[in-house]
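Let's take a walk through this structure, one piece at a time. Have the picture open while you read.

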Amino acid sequence: KLFQIGFQLRPYFYLNDKYIIWDEIRKDARFAKQTYSILRTYDLKSGKIRNISKNSRFYSPIIDSNSKYAYAVQIDHSNASSLIKIDLESKEVSEVFKMMDGSLLQQPSLNLENNKIVLINIAQKGNNLLEIDLSSGDFKYLLPNSNQEFERPIYTGQQIVFRAQIQSINNLFQLDPTTGNLVQITQAPIG
């Protein structure tokens with residue numbers, strides 16, 4: 001056992017060659033019904049745990065391959081969702097992308113070049129995978145909007161692998177974001 005983490009809304013951590021990063025839920029000491037989250041890192045070399053944020057509303061953190069920046073989803077007090085970037089050294093936070101239509105972002109994943117992020121977008125018009133080009137700020141929806149439940153999209157090279165419950169069975173799918181070609185890569189017998 002390396003260490004024990006605090007409470008989480010959903011069990012999650014992200015690991016690269018230098019850090020483990022995760023979010024934890026905290027209750028306000030005075031107003032117990034008010035909660036917030038903090039981001040924490042565990043340095044694999046030194047064994048030290050560090051708080052990256054305090055009294056924030058950041059979730060699903062990831063770290064770039066250079067271990068310089070963390071990215072996370074922020075939900076503000078008006079429930080507006082945005083993608084933020086945190087400098088791991090200075091802890092300076094900057095907004096990368098904000099959803100203007102009231103939809104929510106979840107579960108970001110960076111490609112190896114650190115220039116694109118794929119996230120789950122949950123909106124009234126339907127759910128989708130959203131890819132953001134970090135260099136230009138451009139974004140695109142990768143699939144038609146649907147009531148589909150997506151889980152943990154990740155880049156594998158230039159492709160995106162994710163779990164979805166298509167035809168009532170959970171399987172893994174691979175999507176080419178350039179062509180839109182979608183391939184089922186597992187065949188679960190049930191569930």
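Predicted model: local features only at pLDDT ≥ 70, side-chain atom pairs only at ≥ 80, totals over all residues.

## Getting started: what "buried" means

Now look at strand E7, which covers residues 81–87. Six of its seven residues are buried, so the rest of the structure largely encloses E7.

## E7 and its two partners

A quick bit of background: strands in a sheet pair through backbone hydrogen bonds, and the pairing can be parallel or antiparallel. On one side, E7 meets strand E6 (residues 69–75), and the two run antiparallel with seven bridges. You can find one of these spots by looking for Tyr71, whose bridge partner in E7 is Lys85. Five residues sit between the strands in the E6–E7 hairpin, and there Asn79 has a positive phi near 65 degrees.

E7 also pairs with strand E8 (residues 93–98), again antiparallel, through five bridges. Here, Ile86 has Val93 in E8 as its bridge partner. The hairpin of E7 and E8 has five residues between the strands too, and Lys91 is the residue with a positive phi near 65 degrees.

How many residues of E6 are buried? Five of the seven are, making E6 a mostly covered strand.

E6 pairs with strand E5 (residues 58–63) as well: four bridges join them, and they run antiparallel. The E5–E6 hairpin has five residues between its strands, with Ser67 taking a positive phi near 60 degrees.

## The nonpolar core

Next, the inside. The largest nonpolar core is made of 16 residues, and the ones with the most contacts within it are Leu83, Phe97, Leu105, Ile117 and Leu119. Which elements give two or more residues to this core? They are E5, E6, strand E9 (104–110), strand E10 (116–123) and strand E11 (126–133). The top contributor is E6, which gives three residues.

Zoom in on strand E15 (residues 169–175) and E16: they pair in the antiparallel sense over three bridges. Gln174 stands opposite Val183 in E16.

Phe13, Leu15 and Leu44 make a nonpolar surface patch of about 300 Å². Where does Leu44 sit? It is in the loop between strand E3 (35–43) and strand E4 (49–51). With a relative accessible area of 36%, Leu44 counts as partly exposed, because that label covers values between 20% and 50%.

Technical notes:
Residues numbered from 1 in each chain as written. Heavy atoms only, no water. Buried < 20%, exposed > 50% of the residue type's maximum accessible area, 1.4 Å probe, protein only. Pairing = 2+ DSSP bridges. Patch = residues over 30% accessible without salt bridge, like charges linked within 9 Å, V, L, I, M, F, W, Y side chains within 5 Å. Areas by Shrake-Rupley, 256 points an atom, 1.4 Å probe, with all protein chains shown as cover. Salt bridge = Lys/Arg side-chain N within 4 Å of Asp/Glu carboxyl O. Core = buried A, V, L, I, M, F, W, Y, C linked by side-chain atoms within 4.5 Å.
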